[in-house]
Every structure is written in C-alpha cells, then in structure tokens.
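Hello,

Here is the structure you were waiting for.

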Amino acid sequence: MKKQVLFIHGGGDNGYETDQKLQLSLQKNLGGEYEVLYPVMRAIEEEKLAGEWLAQIDSEISKIHGEIILVGHSLGGSMILKYLSEWRVPVNITGIFLIAPPFWSGDRDWVQPLKLKKNFASQLSQDIPIFFYQCKDDDVVPYEHFARYKKEVPWASFREILMGGAPVQ
C-alpha cells in the first residue's frame, strides 16, 4: 500500500490551479511509494470558509486508513493547524509540512473564524514532526508570520528559503 499524503492547497480564486504545480512536483519527487491526494477545497463565502474547509479536511482524512502525511500551502497550512488544534484527529499522522501558512490576526470580521485559539500549540502533539517553510522575501505571507510560529511552536522545525527555492544558509 502506498504512503498517503494529503495536500491542502492555498486560498484565493485560483488556489487549486495555482498549487497544482506544487502538488505535481511533490508527487514526482516522492515517487511511486507515495500517493499525493489533492482535493479541491470548496470556494465559498469568506465568513463560512474556515468551517467548511475544516469539515472538508476532516472528511478527507476520514477516508484514509492507516498513516498519513499532511501538507498545506498558505491558507491550507493554517487550516491544517486549526484542524489539528481544534478537532479530534481520526488517523495516525506521521508528519506535517506547512508552506508559508499565514498567522491570522486583527479585528476584521472575516478574519475571526480563521484565527487560531490562544492555546493552539498546546493541542498539537509534540510526537508528530512539524516542519514550517517560508521565503524570507514572500510578498503574500510576511516573514513575521513565520517568526510568530517559531515562538508559538518552538519544538517544530523551521526552514527559511529564498524566493528562488534555495535554502537560506
């Protein structure tokens, strides 16, 4: 049986299409021992986005038997963290890889459902490896979000990369 990877794409009008190159690259580089599952996350009204995405993540995970690796890009990464810190997870997760997840903050109404709870990190298992990746010069998710995750989830591994894709030394 192939190892299963669930990739949750980023948001925006074309989040699925934009991240498809990343998903295809991931599948190619992991090889035939892995199956990268790549569901289309429903595009809905902003005020319902968090609830709908969390329910869909739960549904996708519930379809998997055995171990799973979670990968999320941007909004998908932040929704994986929200899911893991607020929902009962029905499977054995062996790794979590988050690429430029925003750390939602502020008082705007539409942001409130996306925000992590104050104690979110205490709800994450320290037995599951968590990796955060962030470009220092990302023009969508500011580097300060990465720094905030470093503070909140200090046991995780953090990798800075240049916009060209090379690791920062």
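Which element supplies the largest share of the lining of the second largest pocket? Helix 1 does, with 7 residues. Before the rest, the ground rules. This is a predicted model, where local features need pLDDT of at least 70, side-chain atom pairs count only at pLDDT 80 or more, and totals for chains, interfaces and linings use all residues. Residues are numbered from 1 along each chain as its sequence is written, and side-chain values use heavy atoms, with hydrogens and water left out. Helices (H or I, at least four residues) and strands (E, at least two) are DSSP runs, numbered from the N terminus.

The pocket

The second largest pocket has a volume of about 450 Å³. Of its 16 lining residues, L22, L26, V71, I99 and Y133 are the closest to its centre. A pocket here is an open set of points on a 1 Å grid over the protein atoms alone, where a 1.4 Å probe fits, with protein on both sides within 12 Å along at least five of seven lines; lining residues have an atom within 4 Å of a point. The volume is the space filled by probe spheres set on the points. Helix 1 (15–30), strand 3 (67–73) and strand 4 (92–99) each supply at least two residues of the lining. By type, the lining divides into 11 nonpolar, 3 polar and 2 charged residues.

Helix 4

H145, F146 and Y149 are buried in helix 4 (residues 143–152). Seen down the helix axis, the buried residues fall within an arc of 100° (taken from the directions from the axis to the C-beta atoms), so they line one face of helix 4. E144 and K151, on the other side, are exposed. Buried means under 20% relative accessible area, exposed over 50%, and partly exposed in between (1.4 Å probe, protein chains only). Helix 3 (75–86), strand 5 (130–135) and strand 6 (157–161) are among what covers the buried residues of helix 4, with contact meaning heavy atoms within 4.5 Å.

Salt bridges

The count is 6, each a side-chain nitrogen of Lys or Arg within 4 Å of a carboxyl oxygen of Asp or Glu. One of them pairs E160 with K150 at 3.3 Å, N to O. E160 lies in strand 6 and K150 in helix 4, so this pair ties together parts 10 residues apart in sequence. Salt bridges that share partners join K136, K150 and E160 into one network. In the E160–K136 bridge, the closest N and O atoms are 3.7 Å apart.

Best wishes

How values were computed
Nonpolar A, V, L, I, M, F, W, Y, C, P; charged D, E, K, R; others polar.
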